There are 2 protein chains.
Amino acid sequence: MTLLSHLNWRYATKKYDPAKKVPQPVLDDILEAVSLAPSSNGYQPYDVLVVTNPAIREKLRAAAFNQPQVTDASHLVVFAAWDSITEDNLGKVFDRMAEVRGSSESLAERRKSALAGFAGKTAEQNFQFAAQQAFIGLGFGLAAAAELKVDATPMGGFDAKAFDDILGLKELGLRSVVIMTLGYRDASGDWLVGLKKVRRPKADMFIEVK
Amino acid sequence: MTLLSHLNWRYATKKYDPAKKVPQPVLDDILEAVSLAPSSNGYQPYDVLVVTNPAIREKLRAAAFNQPQVTDASHLVVFAAWDSITEDNLGKVFDRMAEVRGSSESLAERRKSALAGFAGKTAEQNFQFAAQQAFIGLGFGLAAAAELKVDATPMGGFDAKAFDDILGLKELGLRSVVIMTLGYRDASGDWLVGLKKVRRPKADMFIEVK
């Protein structure tokens, strides 16, 4: 199985070579994998920002405990979940379903009942639901990067509120959830690259219910 | 890129052939991919139940809107996040880190500060954090299944509280988050298999910040 060897190859890169850029077609494949990630009912309730602007990335780095990956990696990808789920954003997804598969009465019914369901919950509950879906997209993006031998670092250590302000996410109805840097490792300066991967023992993490 | 073709092949299987079982070595590879999924700080704050017991799966199906995948797929995988993060569960992860990479003062410091950090948050906040990590594991599991041509269905439509009761998760300090069925499609009886994949337009979902 080749995917397993790719997943064993990857690690949370701590030091990137700032001179090496991920070529556009390679980046496109990684984003395509993110787009192919499944989500609850196919809603894909999150947007994905690909940040290359150096000045903005300097500001984001300051809001991410000054972690150098934020500026030194080739690309910074920010997963931002919908801060609420309404006709404005979810409606477009249903429009898309109708466009691709044809409209139907049952689709119209599902749309109505989905929107009613979300309206009956708090914005925070809906945001948490949306954020969870973004993590599936992150998983697919990381797996694709590994296959393409692109180094990637998933990062949760940042001030989400500050990221939202710097990127103007509130105006877009979004809140940042998790980030992923993409690029190529500078193995000589990376303290983590030589260390053994640590994982919980299988017998501890996996439970058989026979 | 082969992963993309696998990801295009997969779909949320609605009807499984109950006679076809996923061989143990293939299942092991899928679970290995889940185990290799990264998580915040390497904590892996969730357990994974692999349910084959037919009587239990009948009960779970009743708690999942009677969706037939729950009983008809070869295996039912339940991702269950830690319901709180304490010395009891996180401590073991730090023990494991020390075992694999050697103990150090800095590791002991990180352990102390991590536990203090989680203690300063509500159990619900910590559970949400843990649940998000489980979705990365789900993503890796789905990607691995696709490569192995094992059909898989990620499912959020179930009564989590009922699942917790049936599986005795509370006693284990766990709460069910998302499930994944694994097996082989019965294409003749699956309404979804022939339908086009729907995804949001790239221009809508991806935002370049140049």
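**Figure 1. Buried area between chain A and chain B.** In this predicted model, chain A and chain B bury about 6,400 Å² between them. Carbon and sulfur atoms account for 64% of that area. The contact draws 67 residues from chain A and 67 residues from chain B.

**Figure 2. Relation of the two copies.** Chain A can be laid on chain B by a turn of 180 degrees and a shift of 0.0 Å along the axis, with an RMSD of 0.0 Å. The two copies are therefore related as by a two-fold rotation axis. The same surface serves both copies, since 100% of the contact residues of chain A recur in chain B.

**Figure 3. Polar contacts and the elements at the interface.** Between chain A and chain B, 34 residue pairs are in polar contact, counting pairs with both residues at pLDDT 80 or more. On the side of chain A that touches chain B, the elements that give two or more residues are the helices α1 (2-9), α2 (24-36), α5 (87-101), α7 (123-147) and α9 (202-205), together with the strands β1 (46-51) and β5 (206-209) of chain A. Of these, α7(A) gives the most, with 13 residues. Sorted by class, this side of chain A has 41 nonpolar, ten polar and 16 charged residues.

Figure 4. β1(A) is joined to strand β5 (residues 206-209) of chain B by four bridges. The two strands run parallel. Within this pairing, V48(A) stands opposite F206(B) in β5(B).

**Figure 5. Salt bridge between K202(A) and E32(B).** Six salt bridges are found across the interface of chain A and chain B. One salt bridge between the chains is formed by the side chains of K202(A) and E32(B), with an N to O distance of 2.4 Å.

**Figure 6. Salt bridge between K92(A) and D204(B).** Over all chains, the structure holds 23 salt bridges. Among the residues that meet in a salt bridge are K92(A) and D204(B), whose side chains are 3.7 Å apart, N to O. K92(A) lies in helix α5 of chain A and D204(B) in helix α9 (residues 202-205) of chain B, so the pair joins two chains.

Note on methods: Residues are numbered from 1 along each chain as its sequence is written. Chains are lettered from A and ligands numbered from 1 in the order in which they are written. This is a predicted model: local features need pLDDT of at least 70, side-chain atom pairs count only at pLDDT 80 or more; totals for chains, interfaces and linings use all residues. Side-chain values use heavy atoms; hydrogens and water are left out. Copies are superposed by least squares on the C-alpha atoms of residues with pLDDT of at least 70 in both. Contact means heavy atoms within 4.5 Å. Buried area is the accessible area (1.4 Å probe) that two parts lose on being put together, summed over both. A salt bridge is a side-chain nitrogen of Lys or Arg within 4 Å of a carboxyl oxygen of Asp or Glu. A polar contact is a pair of N or O atoms within 3.5 Å; within protein, one must be able to donate a hydrogen and the other to accept it, and residues adjacent in sequence count only if both atoms are side-chain atoms. Ala, Val, Leu, Ile, Met, Phe, Trp, Tyr, Cys and Pro count as nonpolar, Asp, Glu, Lys and Arg as charged, and the others, Gly among them, as polar. Two strands pair if DSSP finds at least two bridges between them.
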